[in-house]
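Subject: Structure for your review

Dear colleague,

Please find below the structure I am handing over to you.

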Amino acid sequence: LLLELLAHKSLELLDFGGNQLELASFSADVWRALSQCNIRSLFLNDTMESSCSQEVFQPFVASLPPQLVYLNLANCSLEAPHMAL
């Protein structure tokens with residue numbers, strides 16, 4: 001389902017707010033689709049598990065679309081090392 005959403009060229013906002021995400025389970029196809037989509041606003045507030053390692057978070061950061069204007073990571077249990085990425 002996520003791949004189908006990311007494939008829509010008109011999709012500009014994606015809101016996962018409050019739904020648990022496990023970035024470690026994302027496939028290479030999801031990372032590629034994310035980096036190529038047209039999303040301008042991404043809401044991930046209250047979504048990420050508290051054990052999200054830097055190794056898992058780094059591909060996410062690297063895959064963010066270049067036109068992304070707004071990223072909401074509120075209450076995602078991220079720490080200073082995550083933000084350094």
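The model is predicted, and the mean pLDDT of the protein chain is 85, with 96% of its residues at 70 or more. Confidence is highest in strand S3, with a mean of 93, and lowest in helix H4 (residues 80-84), with a mean of 82.

Overall architecture

The protein chain contains four helices and three strands. In sequence order, these elements follow the pattern α-β-α-β-α-β-α. The C-alpha trace spans about 35 × 25 × 20 Å along its principal axes. The radius of gyration of the protein chain is 12 Å; a compact globule of 85 residues would have a value near 12 Å, so the two agree.

Of the 85 residues in the protein chain, 38% are buried. The protein chain exposes about 5,100 Å², and carbon and sulfur atoms supply 51% of that area. As for contacts with a separation of 6 or more, 86% of them in the protein chain are accounted for by residues 24 or more positions apart.

The sheet

The three strands form an open sheet with parallel pairing, in the order S1-S2-S3. Strand S1 (13-15) and strand S3 (70-72) are the edge strands, each of them pairing on one side only. On average, and with direction ignored, neighbouring strands of this sheet are turned by 0° against each other. S1 and strand S2 (residues 41-43) run parallel and are joined by three bridges. Asp15 stands opposite Phe43 in S2.

Two buried residues in the strands

Ser41 has its place in strand S2. Its relative accessible area is 18%, and Ser41 is therefore buried, the cut-off being under 20%. Leaving out residues up to four places away in sequence, Ser41 touches Glu12, Leu13, Leu14, Leu68 and Tyr70.

Asn72 belongs to strand S3. With a relative accessible area of 14%, Asn72 is also buried. Apart from its neighbours within four places in sequence, Asn72 is in contact with Leu42, Phe43, Leu44 and Asn45. Asn72 and Asp15 are separated by 57 residues in sequence, while their C-alpha atoms are 9.2 Å apart in space.

Two loop residues with positive phi

Asp46 is located in the loop between S2 and helix H3 (54-62). The phi of Asp46 is near 60°, which is a positive value in a residue other than glycine. Asp46 counts as partly exposed because its relative accessibility is 35%, between the cut-offs of 20% and 50%.

Asn75 lies in the loop between S3 and H4. Although Asn75 is not a glycine, its phi is positive, at about 60°. The relative accessible area of Asn75 is 60%, over the cut-off of 50%, so Asn75 is exposed.

In brief, the predicted model shows an open, parallel sheet of three strands in a protein chain that also has four helices.

Yours sincerely

Key:
Residues are numbered from 1 along each chain as its sequence is written. This is a predicted model: local features need pLDDT of at least 70, side-chain atom pairs count only at pLDDT 80 or more; totals for chains, interfaces and linings use all residues. Side-chain values use heavy atoms; hydrogens and water are left out. The radius of gyration is taken over C-alpha atoms; the globule rule is 2.2 Å times the number of residues to the power 0.38. Buried means under 20% relative accessible area, exposed over 50%, partly exposed in between (1.4 Å probe, protein chains only). Contact means heavy atoms within 4.5 Å. Accessible areas come from the Shrake-Rupley method with a 1.4 Å probe; for residues, only the protein chains shown count as cover. Two strands pair if DSSP finds at least two bridges between them. Axes are lines fitted to C-alpha atoms, for helices over the stretch in contact, and angles run from 0 to 180 degrees between N-to-C directions. pLDDT is the predictor's confidence in each residue, from 0 to 100.
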